Amino acid sequence: EVLFSPIFFNEGIRYYKAGDLRNSILSFNKSLALSSSDISSLLVLGQAYLEDSKPALAVKTFQAAVKLYPNDPLVHFLLGAAYEENKQLKEALLEYK
């Protein structure tokens, strides 16, 4: 099953680049169902949620990424951006530090 994870990731990227956020989100979720620690899928999924005006789902996605990769500054920055979009400014500032 894990062998199919990159297929769904690549499909999600194609949809994302084409501006089809709904199908990109579906593809990234399929990828993560097969490989839940795939940082690439988590990050692009979170970004797709932000662009699709779903900041609460972006926060949840980036929180999962921070749990898996707590020392990655990009993950913290993206979580901060999601918090900011979700009007959680105190949490955003903590992530930006």
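Is Phe-28 buried or exposed? Phe-28 is buried, with a relative accessible area of 0%. The model discussed here is predicted. The points below treat the packing of helices, the aromatic pairs and some individual residues.

**Helices α2 and α3**

- Two packed helices are described by the angle between their axes and the distance between the axes.
- Helix α2 covers residues 21–34 and helix α3 covers residues 39–51; their axes come within 9 Å and cross at roughly 150°.
- Because angles over 145 degrees count as roughly antiparallel, α2 and α3 are roughly antiparallel to each other.
- The crossing in which α2 passes α3 is left-handed.
- On the α2 side, the contact involves Leu-21, Ser-24, Ile-25, Phe-28, Asn-29, Ser-31 and Leu-32.
- On the α3 side, these residues meet Ser-41, Leu-42, Val-44, Leu-45, Ala-48, Tyr-49 and Glu-51.
- Nine nonpolar, four polar and one charged residue make up the contact of α2 with α3.

**Helices α3 and α5**

- Helix α3 also packs with helix α5 (residues 73–85), at an angle of about 20° and with the axes 11 Å apart.
- Because angles under 35 degrees count as roughly parallel, α3 and α5 are roughly parallel to each other.
- The crossing of α3 and α5 is left-handed.
- From α3, the contact is made by Ile-39, Leu-43, Gln-47 and Leu-50.
- From α5, the contact is made by Leu-74, Val-75, Leu-78, Ala-82 and Glu-85.
- The residues of the contact of α3 with α5 comprise seven nonpolar, one polar and one charged.

**Helices α4 and α5**

- Helix α4 and helix α5 pack at an angle of about 160°, and their axes are 8 Å apart.
- The two helices α4 and α5 are therefore roughly antiparallel to each other.
- Helix α4 passes α5 in a crossing that is left-handed.
- The α4 residues that make the contact are Pro-55, Ala-58, Val-59, Phe-62, Gln-63, Ala-65 and Val-66.
- The α5 residues that make the contact are Val-75, His-76, Leu-78, Leu-79, Ala-82, Tyr-83 and Glu-85.
- In the contact of α4 with α5 there are 11 nonpolar, two polar and one charged residue.

**Aromatic pairs**

- How many aromatic pairs are counted? The count comes to two aromatic pairs.
- Phe-77 is partly exposed, with a relative accessible area of 47%.
- Tyr-96 is partly exposed, with a relative accessible area of 34%.

**Positive phi angles in loops**

- Ser-53 has a positive phi of about 60°, although Ser-53 is not a glycine.
- Ser-53 is placed in the loop between α3 and α4.
- With a relative accessibility of 62%, Ser-53 counts as exposed.
- Lys-87, which is not a glycine either, has a positive phi of about 65°.
- The loop between α5 and α6 contains Lys-87.
- With a relative accessibility of 69%, Lys-87 counts as exposed, because exposed means over 50%.

- Ala-64 belongs to helix α4, which covers residues 55–68.
- Ala-64 counts as partly exposed at 31% relative accessibility.
- Between Ala-64 and Ala-48 there are 16 residues of separation in sequence and 15 Å in space, from C-alpha to C-alpha.
- Ala-48 is one of the α3 residues that α2 meets.

Key: Residues numbered from 1 in each chain as written. Predicted model: local features only at pLDDT ≥ 70, side-chain atom pairs only at ≥ 80, totals over all residues. Heavy atoms only, no water. Axes fitted to C-alpha atoms, helices over the stretch in contact; angles between N-to-C directions. Helix = DSSP H or I, 4+ residues; strand = E, 2+ residues; numbered from the N terminus. Parallel < 35°, antiparallel > 145°, perpendicular 65-115°, else oblique. Left-handed = near helix turned anticlockwise from the far one by under 90°. Contact = heavy atoms within 4.5 Å. Nonpolar A, V, L, I, M, F, W, Y, C, P; charged D, E, K, R; others polar. Phe/Tyr/Trp six-rings, centres within 6.5 Å; stacked < 30°, edge-to-face > 60°. Buried < 20%, exposed > 50% of the residue type's maximum accessible area, 1.4 Å probe, protein only.
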